[in-house]
Amino acid sequence: MVFATMVGILLFFIIIGIFSVMCIMGIVASGSSVKSIDDNSVMVLNLTGSLDERGGGSLMARLQGESESIGLDDVLSAIKKAQNNDDIKGIYIESGMFSPDSYASLQAIRRALTEFKKSGKWIISYGDSYSQPAYYLASVADKVYINPEGMLDWHGIASQPYFLKDLMAKFGVKMQLAKVGTYKSAPEIFTADHMSDANREQVTAYINGIWENILKEVSASRKISIDSLNVYADNLITFNDTKTLIAKKMVDGVLYTDQVKDEVKKLLKIGSDDDISQLGLADMASVKGDDDDGDEIAVYYAYGDIVDSSPSNPMSQGNVINAQIVCKDLEKLADDDNVKAVVLRVNSGGGSAYASEQIWHQVEMLKKKKPVVVSMGGMAASGGYYISCGSNWIVAEPTTLTGSIGIFGMFPDFSGLLKDKLGVRFDEVKTNKNSAFGSIARPFNEEEMSYLNTYIDRGYKLFRKRVADGRKLSIDDVEKIAQGHVWLGQDAFKNKLVDQLGGLDAAVAKAAKLAKIDEYYTASYPEMPDMFEQLLSSAESNTGSYLDKAMQEALGDLYGPVQLMRTINRQNAIQARLPFVLNLR
C-alpha cells in the first residue's frame with residue numbers, strides 16, 4: 001500500500017507537470033501566432049492600471065491571472081496597426097482608474113490617437129469613472145460617454161514631496177550632504193523639512209507647464225475654453241453629477257455598459273443582434289504589421305534607476321538601467337553590421353553618477369560607428385541626461401522632465417542611533433590622520449567634508465563638460481542652465497538641451513535620415529526574456545516580490561518613505577538623479 005501510494009503521488013505530479021507544460025506551450029504559441037482580423041472590427045484600448053515603457057509580457061502573471069502593466073510600446077504599435085488596417089474601423093477606449101507615471105507617455109499615445117482619427121476612422125470612449133490621465137486621453141475621442149452614476153476626475157496637478165529629516169532624527173540618524181547645484185533638490189528629502197525656494201521655483205514651473213499642455217489639448221478636442229477648464233478644476237467638477245458634465249461639454253452623454261455596445265454597432269453599421277469583432281492589445285500584438293523590409297534601426301530601451309552593476313537596486317521599484325549590461329548590449333549593437341542606427345529610448349530620473357559615466361562612454365564608442373538618436377520618455381534627467389547628452393540628436397516630449405545637471409553625495413550618520421539610542425561606545429587607534437575616514441562611530445569632520453565636496457565638485461565639472469561637448473555649448477552656457485535645474489522638454493528645447501520635440505517615431509525617422517537609409521524597420525532591444533528565463537526568474541524572486549507587493553498594498557502612499565528609510569544605508573553615495581519620488585498628483 002505504501003509503494004502504491006508513492007507511485008500514485010509520483011504519477012500525479014508527472015501528469016500535472018505534463019499539463020502545466022502543455023498550458024505554458026499553449027500560451028506561448030497563442031502569443032506568437034499571427035492573428036487574422038475579421039472585417040468590420042474594433043480595437044479596444046482598456047485604460048486601467050499602470051503604464052510602463054514596454055509591455056511586461058510576464059508569463060507567470062498570465063498563468064496566475066494577474067493584471068499586467070500596459071506597455072507604451074504595445075499601445076503605440078497597436079494604434080499604428082489599427083490605423084493602417086482597413087478591416088479595423090475604429091477604436092473603443094474603455095477608461096478606468098488609470099495611473100501612469102508621466103504625462104509625456106500620455107502625450108505620445110494621444111498624438112497617435114490624433115493621427116488615427118486623421119485616417120477617417122472613429123474613436124469613442126466610455127468609462128464608469130475617469131481618472132484625470134484617462135480623461136486626458138479619452139478627450140480626443142469623437143464621443144465621450146460616462147456611466148449615469150460615474151465620476152470624472154478633473155483637479156489640476158500638484159506636487160507634494162515628503163521629508164524624512166525629523167523622522168530620521170527620532171532614530172538618531174542624520175544625513176551628511178555634499179552637493180553641487182542650487183536646484184539639486186533630491187537630498188532635501190533627508191536634510192530639510194520643506195522645499196527650498198529654488199526647488200519650489202522649478203517644481204512650480206514644470207507642473208504649470210504640464211498642466212498648460214493638458215489644457216491646450218483638451219480645450220482643442222472638447223471645444224471648451226482654457227479658462228473654463230481651469231474653473232472646473234478649481235471648483236472640483238469631479239463631484240458634480242453627470243448632467244453637469246454634459247452641460248459643461250466634458251462628456252457627450254450618459255450610458256450604461258450594455259448600451260455602449262449599441263453605439264459601437266451603429267458606427268459599424270451592424271444589427272443589434274450581431275456580435276462585435278474586438279481586438280485588445282494582446283490580440284493586436286499578434287497582428288501582422290509592416291514587413292521587415294530594408295535596413296534595421298535598433299530601438300534600445302533604457303528605463304528605471306541607473307545602477308552600477310547589481311541586478312536590483314534597493315532604491316528601485318521595477319526596472320533598472322544596469323550599466324554593465326547596457327554597455328555590453330551597446331557594444332554588440334555597434335558591432336552588428338545589420339544595425340544601421342540606434343535609437344536610445346531613455347526614461348530615467350538618473351541614479352549612480354559612476355554608472356552614468358560608463359554608459360556615456362559606451363554611447364561615444366557606438367556613435368563612432370553609427371548614428372545614435374535619443375528619444376526621451378517621461379524623464380531623462382540628471383543621470384538620464386548624462387547618458388543622453390553625447391548622442392547625435394535628442395528628441396523629447398514637450399512634458400518630458402530633463403536637465404537636472406548636477407551631482408550630490410549623501411552619507412548617513414548613525415552615530416546618534418548607536419551612541420544615544422543603543423548605548424554603543426567606541427574607542428580608536430590609528431596610524432594616520434584620516435585612517436578612520438568613513439567610520440560609523442562619528443560624523444565627518446570639517447576637513448573630511450571639504451575632501452568630499454572637492455570630489456563632488458570634480459564630478460559636477462565632468463558632467464558639465466560632457467554636456468558642453470555633446471551639445472556643442474560653452475561651459476559658461478551650460479552653467480547657466482545647469483545647477484541641477486529641472487526643465488520641461490519644451491523649455492529644454494529653447495535652452496538647446498534637446499534638438500527636437502516629438503516622440504519615438506520622430507526619433508526613428510531622424511535616425512534613418514542620419515544613417516542615409518530610405519527603407520527601414522525597427523527592432524526592440526534588449527530582447528525580452530524567454531519562457532524558461534521568466535520561470536527561473538520568478539522562482540528566484542517569488543518570495544521577495546510577494547512580500548514587497550503585500551507591503552505596498554498595506555502601506556499605500558506611506559510605502560515610499562518606509563522603503564527609503566529601510567534602505568538608507570544601501571544607497572549609492574554619489575548620485576546624479578532627480579528627487580527619489582516626484583509625487584505628482
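This is a predicted model: local features need pLDDT of at least 70, side-chain atom pairs count only at pLDDT 80 or more; totals for chains, interfaces and linings use all residues.
## The whole chain

The protein has 585 residues, and buried residues make up 49% of them. Its secondary structure comes to 22 helices and 22 strands.

Disulfides are absent. A search of the whole structure finds zero. In general, a disulfide is a covalent bond between the sulfur atoms of two cysteines. Cys 389 has a relative accessible area of 0%, so it counts as buried. Cys 327 has a value of 13% and is buried as well.

Start with the open sheet. Six strands form it in the order S8-S6-S5-S4-S1-S9, and the pairing is parallel. Which strands stand at the edges? They are S8 (253–254) and S9 (277–279). Each has a single partner strand, so one side of each is left without a neighbour in the sheet.

Inside this order, S1 (residues 41–49) pairs with S4 (residues 88–98) through eight bridges. Ser 41 has Ile 88 of S4 as its bridge partner. In general, the side chains of a regular strand alternate between the two faces of the sheet.

Two packed helices are described by the angle between their axes and the distance between the axes. For H3 (residues 72–84) and H4 (residues 103–118), the angle is about 5° and the axes are 9 Å apart. Angles under 35 degrees count as roughly parallel. H3 and H4 are therefore roughly parallel to each other.

Which residues make this contact? H3 supplies Leu 72, Val 75, Leu 76, Ile 79, Ala 82 and Gln 83. H4 supplies Ser 105, Ala 108, Ile 109, Ala 112, Leu 113, Glu 115 and Phe 116. By class, the contact holds 10 nonpolar, two polar and one charged residues.

Are they enclosed or open? In S13, nine of the 10 residues are buried, so the strand is largely enclosed by the rest of the structure. In S10, eight of the nine residues are buried, so this strand too is largely enclosed.

S10 also pairs with S21 (residues 520–525), in the parallel sense. S13 also pairs with S15 (residues 372–381), and these two run parallel.

| Strand pair | Bridges |
|---|---|
| S1 and S4 | eight bridges |
| S13 and S15 | six bridges |
| S10 and S21 | six bridges |

Val 299 stands opposite Val 343 in S13. Glu 296 has Val 339 of S13 as its bridge partner. On the S21 side, Ile 297 is partnered by Thr 522. On the S15 side, Val 342 is partnered by Val 372.

Gln 362 lies in helix H14 (residues 353–367). Is Gln 362 buried or exposed? Its relative accessible area is 13%. Buried means under 20%. Gln 362 is therefore buried. Leaving out residues up to four places away in sequence, it touches Cys 327, Leu 330 and Glu 331.

Asn 199 sits in helix H8 (residues 197–222). Its relative accessible area is 6%, so Asn 199 is buried. Which residues does it contact beyond its neighbours within four places in sequence? They are Ser 185 and Glu 188. Lys 184 gives a distance to go with this: Asn 199 and Lys 184 are 15 residues apart in sequence and 7.6 Å apart in space, C-alpha to C-alpha.

Conventions. Residues are numbered from 1 along each chain as its sequence is written. Side-chain values use heavy atoms; hydrogens and water are left out. A disulfide is a pair of cysteine sulfur atoms within 2.5 Å. Buried means under 20% relative accessible area, exposed over 50%, partly exposed in between (1.4 Å probe, protein chains only). Helices (H or I, at least four residues) and strands (E, at least two) are DSSP runs, numbered from the N terminus. Contact means heavy atoms within 4.5 Å. Axes are lines fitted to C-alpha atoms, for helices over the stretch in contact, and angles run from 0 to 180 degrees between N-to-C directions. Angles under 35 degrees count as roughly parallel, over 145 as roughly antiparallel, 65 to 115 as roughly perpendicular and the rest as oblique. Ala, Val, Leu, Ile, Met, Phe, Trp, Tyr, Cys and Pro count as nonpolar, Asp, Glu, Lys and Arg as charged, and the others, Gly among them, as polar. Two strands pair if DSSP finds at least two bridges between them.
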